[in-house]
Amino acid sequence: MSRSVFIILSLFSLVCYGQTRESFDIATYQVPQGWKKETTDYAVSFTKVNNTSRSWCRMTIYKSIASQGDPITDFTNEWNALISKNYPDAITPQPETETEDGWTSKSGVSKFKFNNEESYALLSTITGYNIEISMVVLMNSQEFMGGVEIFLKSIDLKKPAVQSGTVVTAPPSTNNTTNTVPASGVVVTNAVGKQGISISTTNFDDGWVAQPFADYCRVTKGNITVLLHYSFRITDELRDSYTMEALIFDRYILPRYTISNLKQFQNEPYTYNKVYFYEADAVEKATGKRCHIGFRMIAASGIEYCIEIISPSANEFYKVFPKQENVEAMLNYNKFAVTAADLVGKWEESTSSGIDMYNVNTGAYAGMNTSSSASTFVFNANNTYNSNHKGAFGMVGNMKFYDQKYNGKMTVTTWDLTLTNRFEGKTDVFWAQFEAVRGGKILHLRDKSASGITYSLVKMN
């Protein structure tokens, strides 16, 4: 694959008259025809698939974030966060550089395996005016290179308003975590990252204080700091690894600490729900500060959650976390209050499940029982809303369908969302909270009068 194709193209904006143009964050671009669009709170993507040749391509523009002050650092951080984390076999490339009009781009491409097929990952980061923005292209064939080139050439960036003499920096951190770039794997930074949450500090009744950062939710109490690293998808490469948990530990911990007295939690023989937990005495490489760290990994539905605990000593650790249940409970502290302004927009969720049925007497296959649902909420700036809930359930071939629409007024308080004119005209009151995730937030709603009715919604625009 020609390297020249991957020199950053967005610096040389190509204005395509007569073509539809859209904007996302600070980027304006020509909408590629015939590509499927997906928009979230933190990215916009375009996907195209050729079912005959089994070729595919996905182009993504990620929301701009605060720059670390150096284009190569921004590129390496983003490569580890967006590429290496999902495709560990993609070797970090030596990026090519272009500079124009206050922007500096770094672009590189690497091969990786996806479904046992050779694929390509391109990352272009553009740094300037104290921010950086990233574009990622994933493909398994050069078939779509023409469309990729047209799309990248069409991108134009808006210069942000910059306060004179101001450089965006991270707030003080009790654990002194610094920007750390492993040779491969994940990146952990203390960069500012409110994730679009206006009320970005939560003071819990038991003394814990939570704040969202770019790569984790930080929870502190006294001299204990807990980093709730944002979850990530368990890839086939990780799943096939015999020591997946040790591999994840190495990527998060070893680049940032020099460790000793490493211990692994010993599960009872034949335990089904195993606990994956490491602890060690450590020295922070960036500061020389001594500490004791604990690292717990929890997998659920193909998603990995990682909890990092930093304490002054092992004794201090065990005072606060005498049991593993206390460690796991920390996942409950990634929660933040909602505001009406943060809700404005379109939010969606979709779920599905199925189970194969067999006759208990004959063992013969009896079909599949399945269910699926999708919910959409639109919250408006004038304190009104509308929602649509549709789905299907039952045995395949004899399924029942539903499609329900509501609209009314909404009232938002710190932890509650009240919606009028719901089922049979009733008013529903939901517990409402945000969960911080990388690049954005998830809105969780739970009906106070029917706790089984819950929604986990992602903002689409």
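**Close-up views of selected residues**

**View 1. Serine 141 is buried, with a relative accessible area of 17%.** Buried means under 20%, exposed over 50% and partly exposed in between (1.4 Å probe, protein chains only). The model is predicted, with local features requiring pLDDT of at least 70 and side-chain atom pairs pLDDT 80 or more, while totals for chains, interfaces and linings use all residues. Residues are numbered from 1 along each chain as its sequence is written, and side-chain values use heavy atoms, without hydrogens and water. Serine 141 occupies the loop between strand S9 (131-139) and helix H2 (145-154), where helices (H or I, at least four residues) and strands (E, at least two) are DSSP runs numbered from the N terminus. Its side chain reaches the backbone nitrogen of glutamate 143 at 3.0 Å.

**View 2. Lysine 37 and glutamate 22 form a salt bridge, at 2.5 Å from N to O.** Lysine 37 belongs to strand S3 (residues 36-39) and glutamate 22 to strand S1 (residues 21-24), so the pair ties together parts 15 residues apart in sequence. Such a bridge places a side-chain nitrogen of Lys or Arg within 4 Å of a carboxyl oxygen of Asp or Glu. Lysine 37 is partly exposed at 39% relative accessibility, as is glutamate 22 at 27%.

**View 3. Arginine 54 pairs with glutamate 117 in a salt bridge, the closest N and O atoms lying 3.4 Å apart.** The pair ties together parts 63 residues apart in sequence. Arginine 54 is exposed at 60%, whereas glutamate 117 is partly exposed at 26%.

**View 4. A salt bridge joins the side chains of arginine 422 and aspartate 428 (3.6 Å, N to O).** Arginine 422 is buried at 4% relative accessibility, and aspartate 428 is buried at 16%.

Definitions and conventions
Polar contact = N/O pair within 3.5 Å; in protein donor to acceptor, adjacent residues only side chain to side chain.
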